[in-house]
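User: I would like to go through this structure by question and answer. Please give the cut-offs as the terms come up.

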Amino acid sequence: MTSYIVLMNWTEQGARNVRDSPKRLDAARKQLGDMGGSFKAFYLTMGEYDMVAVVEAPDDAVLARFSLMLAASGNVRTRTLKAFPEFAYREIITSLG
């Protein structure tokens with residue numbers, strides 16, 4: 001599984017309906033699960049982003065579809081970072097020679 005960090009901000013629509021946000025999170029968790037992925041962590045944050053999630057998906061295409069589904073809902077805008085775990089980081093750095 002590939003890990004991703006998803007940075008999210010509410011849209012105006014999402015902020016107006018913020019009380020429904022936990023239900024939307026539950027639906028997103030199920031949706032990603034149905035696609036073969038999972039949420040590993042979720043945070044409400046202060047600062048530049050409203051929420052941060054750490055998720056796993058079988059591949060980039062699955063996460064791209066998931067991100068597009070989130071965008072289509074109109075409640076959040078996302079920025080996604082592909083995350084390499086420490087062992088992969090060490091392998092990449094070691095491969096530099």
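Analyst: Phe-39 is buried, and Phe-66 is buried as well; buried means under 20% relative accessible area, exposed over 50%, and partly exposed in between (1.4 Å probe, protein chains only). This is a predicted model, in which local features need pLDDT of at least 70 and side-chain atom pairs count only at pLDDT 80 or more, while totals for chains, interfaces and linings use all residues. Residues are numbered from 1 along each chain as its sequence is written, and side-chain values use heavy atoms, with hydrogens and water left out.

User: What kind of aromatic pair do Phe-39 and Phe-66 form?

Analyst: Rings of Phe, Tyr and Trp (its six-membered ring) pair if their centres lie within 6.5 Å; planes under 30 degrees apart count as stacked, over 60 as edge-to-face and the rest as tilted. By this rule there is one aromatic pair. The rings of Phe-39 and Phe-66 are 6.2 Å apart centre to centre, with 85 degrees between the planes, so the pair is edge-to-face.

User: How far apart are the end C-alpha atoms of helix H3, and what span should its 14 residues have?

Analyst: The expected span of a helix is 1.5 Å times one less than its number of residues. For the 14 residues of H3 (residues 60-73) this gives 20 Å, and the end C-alpha atoms agree, being apart by 20 Å.

User: Which residues of H3 are buried, and within what arc do they fall?

Analyst: The buried residues of H3 are Val-62, Leu-63, Phe-66, Ser-67 and Leu-70. Seen down the helix axis, they line one face, because they fall within an arc of 130 degrees; the arc is that of the directions from the helix axis to the C-beta atoms. On the other side of H3, the exposed residues are Leu-68 and Ala-72.

User: Against which elements do the buried residues of H3 pack?

Analyst: Contact means heavy atoms within 4.5 Å. The buried residues of H3 pack against helix H2 (21-34) and the strands S1 (2-10), S2 (38-44), S3 (51-57) and S4 (76-83).

User: Where is Asn-75 found, and which residues does Asn-75 touch?

Analyst: Asn-75 is in the loop between H3 and S4. Its relative accessibility is 10%, so Asn-75 counts as buried. Not counting residues up to four places away in sequence, Asn-75 touches Asn-9, Trp-10, Thr-11, Gln-13, Gly-14 and Arg-24.

User: How many salt bridges are there?

Analyst: A salt bridge is a side-chain nitrogen of Lys or Arg within 4 Å of a carboxyl oxygen of Asp or Glu. Among them are Asp-34 with Lys-30 at 2.8 Å, N to O, and Glu-86 with Arg-90, whose closest N and O atoms are 2.8 Å apart. By this rule the count is four.

User: Which strands does the salt bridge of Glu-56 and Lys-40 tie together?

Analyst: The closest N and O atoms of Glu-56 and Lys-40 are 3.8 Å apart.

Methods
Helices (H or I, at least four residues) and strands (E, at least two) are DSSP runs, numbered from the N terminus.
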